[in-house]
Amino acid sequence: MLIFRATCIVSIVFLLQTLAIGQTTVRYIGPYAGLWSNPANWDLEVVPANNGVDSYNVIIPADSNVVFDLMTPTQITGLSMEPASSLNFNDTSLEVVGVALLETNLINASGAAAEFLSNSPFASGENQQAVVANGATVQFALSNYVLSDSGLRESTYGGPFLSATDPGSTLNLSSITLLDTSSLNHGWSGSTFTVTASNQGVVDMSNITTINGASGGLGVPGGPGTPIGSWLKLRAVSGGHIDLSHLTQINGAYTWFQLAGGTISASNLVSVTNTRFEVPNGETLNLGTDITRVTGTEFLLENGATINAPNLTDFSGSRVMLTPTTVFNVPVFTEIDNSQIHVKEGRSFAVSDNKYLLTNAWLREDSIGGPFLSSTDLGSTLDLSSISLIDTSSLTQGWSEYVFTVMASKQGVVDMAGVTVITGTRDGLPRAPGTAGGSWLKLRAESGGHIDLSNLTEIAGRNTWFQLAGGTINISSLASVAYTRFEVPIFQTLDLGTSLTTATGSEFLLENGATINAPNLTDFSGSKVTLTPTTFFNVPEFTAIDDAQIHVKEGRTYAVADNDYLLSNGHLHEGWIGGPFLSAEDSNSTLDLSSLTLIDSSEAVGWSGNTFTVTASNQGVVNLTGLTEIFGAGGGDPWLKFRSESGGRIDFGSLGAAQFGSSGSATGAIWMDVDHIGSKLLFEGDLILQKSESTQRQPRISATDFGEFHVRGDMYVFTDDSAEHDTSGGILFMEGSGIQEYGVRGEEIGLPTDAIDNNFNWGRMVIGQESQATTVVLMDMLDQPLEGNSALYLSGFPQGESGLQLLGGSTLVLNGLNAYVGGIDGDEADWILLNSLFGAGENVIPYGGGFLQLNLTHNLYSADFDGDGDVDGDDFLVWQSSFSNNAGGDSDFDGDSDGNDFLLWQRQFGGMTGECSSATVVPEPANLILLIIAIMGIVCGRYYGDE
């Protein structure tokens, strides 16, 4: 506003001056590069030059280039140069004794006799350019200089906008007190707007007290060393000199002092912000005794360069790189927040600050091109041992992964032995370890470098990263760790000490051959590790693994001791972390979670289609045999998925309730998924998947490419949607002992004429084992909204495998339901209705290697020869008396009583029959053994007698 008012005042003065008696205003109308001395080039056809009688006010219009060629020194009263006009002097002299209005135009003077003098206190200028060479003199009587035209950057303009070159050349701006370039904004390009004194030329700015630097264009200044934004550069080259002897204050962003064989006087500085001081080999820049604080400032010293600032103690947000031959004469810094300090080639440097606060997001590696604190080379030490706290908690960079690095390399040392607490960066989200994104504080030791954090006890906040790359980090006093990444390469060791018991949300990245020692770490909640046989993760069995990611592969076995797993971090879904949160991969790999009795993901909220996955793959095994309860994923329609693929196996315990109609212990959005031949989900007890009462989410089950479900208890899947029961490509093995119930949900659609899909059908059901018979009773899931009874459809496979196989004398009890089997004779379109195989009055018939039973009106056990509802010694006596005599002990329905019937009795021994009963009574082992020995003696004796 002050500049605008001053310009208005000068304009009014110029107008009044033109109206004064005896003054004539002339306007240049000549050609480009026309001569001043030609009357035809002026609108009044006179050559403007004061002569004691006539005086002239001259207007040079925009885009005009005038050559001043009057060979005698000349005066004019006033001069108004409109934008993009220029005035050229070659050993000629012009003085403006009154008002001069200079704006975005050029004064070009060359030669020892060349002068342009503007002495009036009413002179004004904005974006004024001056090129002074070969001993010429240009003087502007300006109080302020404003640079706002981005077209004056070097890359566009082709050089400096103000310059003095050669001995005797002087650009006299000594009347200026303010140099203001704060309105310049040229974004990301790193443009420079340059004032140059070269080859012994002089730019006199001796009365400037304040410089407002160019704008970075981003609202906040970048870190020193970043190429973005616009720079006001003051450059002294080859003996040139820029006099800023009264400069006390540098404000704004991006002012650059560059020595290149010249000198700059700036010894009265008091306050400096966002400035670059560049000093080459053998040169010195004196900043004086008054400067105590610099902010966002960069000191570029070549080897052999010197900067003197004997009272500078506050180095906040500033940058320097030091070697043994860079002379940085400063006291010990007491403030270094957001600073960049680098030592190399054997240099040592110490500070006395007690904390380091990192808040400037532009100090990330990709912005400044490397670490913000570093020590490089043998003998180099960056001594930060006075610091007790490193706090980067205010940094947040959203979704991209930005890294802020402290590095020791090539045997350099970063001494942080006094640090007790590190507060890591804040990414704004409770991310899962291993996910890309957020901001990271990285401490990296490479190529023999060492970082001493020997007294560090606590890592708080988020996203701290310790990275070994051939160096060492001492963090052996850790007691508490949160959201930290530990990265250890092959053949290296990281000791976390004996005090560490808890690691929350942390990631342990071990290459093969790497070692991490944490002998008392038991709480692994929210943390992540991947283990192979050659990763040495020396920890006890974890007692807390909620929200943890644990992966074993390449033949590794790993066990935990926790009894429940609570999944609440919504970022553990596959789409976010790139895979399962628990997994076993490769042959002989076992993730032993048999200590778990509960997996509860009811608080894990995600988008529709998100899956939180436990995976066994490539013959790996996940052991969940201790599980008794599973709660599915929470709101937002995600899934808790258990997936076995490529020959993997997940072993479950006795899930669910024992009887049909009870609540079950696997509820909600649970997805049981098995893919590929040889892949298995094995349930030691019941598989009862229930709908969640709170969210009404239903379970899902899928089996593809001959994937296998193995169930040794009852099986019920309570889902209304047949698309959520996609098992037509899978095999269900009902292979318990005694009686098993299977809940039938398929819609009765009659005898198919072709392959079907998504009708709750299986590709194949296998009942029993060669060595153990079982009885499977079909149960109608009457609580489902169906019209009429359900029906079982077993599609079979076109490879010649029918949909049903009975092994070891096992029985399928249809229990009044229709059962359809496809795949007969290798044709999916070839179906039979099992119920149609029964003759009039038949309830039990042979089928394959076992039996079909039509309903439950008769005993379920074929070895219950006396019909009393159980299989016991009395039935053995019936078989004994019938052996080789009649069919009274015929349990396999082949018309005789022989050894095969005895084997079936043996398998069914202890079973109790009855409608809808699935309970079994198992005899005492000792009594059973004695009984079998006695029976075998009888059988053998009978055979010997026959002989």
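## The whole protein

Welcome to a predicted model. The protein has 947 residues, and 56% of them are buried. Its secondary structure comprises 85 strands and seven helices.

## A parallel sheet of six strands

One place to begin exploring is an open sheet of six strands, paired in parallel and ordered S37-S40-S43-S46-S49-S52. Its edges are strand S37 (355–357) and strand S52 (502–504), each of which pairs on one side only. From one strand to the next, the twist averages 10°.

Within this order you can find S43 and S46. Strand S43 covers residues 421–423 and strand S46 covers residues 458–460; the two run parallel and are joined by three bridges. To see this pairing in the structure, look for Thr423, which stands opposite Ala460 in S46.

## Strand S13 and its partners

Another strand to visit is S13, at residues 129–133, where four of the five residues are buried. Strand S10 (residues 106–110) pairs with S13 in the parallel sense through five bridges. Here Ile107 faces Ala130 of S13 as its opposite residue.

S13 also pairs with strand S16 (residues 162–165), again in the parallel sense, over four bridges. In this pairing, Val132 has Ala164 in S16 as its bridge partner. As a general point, the strands of a sheet pair through backbone hydrogen bonds, in either a parallel or an antiparallel way.

Definitions and conventions
Residues are numbered from 1 along each chain as its sequence is written. This is a predicted model: local features need pLDDT of at least 70, side-chain atom pairs count only at pLDDT 80 or more; totals for chains, interfaces and linings use all residues. Side-chain values use heavy atoms; hydrogens and water are left out. Buried means under 20% relative accessible area, exposed over 50%, partly exposed in between (1.4 Å probe, protein chains only). Two strands pair if DSSP finds at least two bridges between them. Axes are lines fitted to C-alpha atoms, for helices over the stretch in contact, and angles run from 0 to 180 degrees between N-to-C directions.
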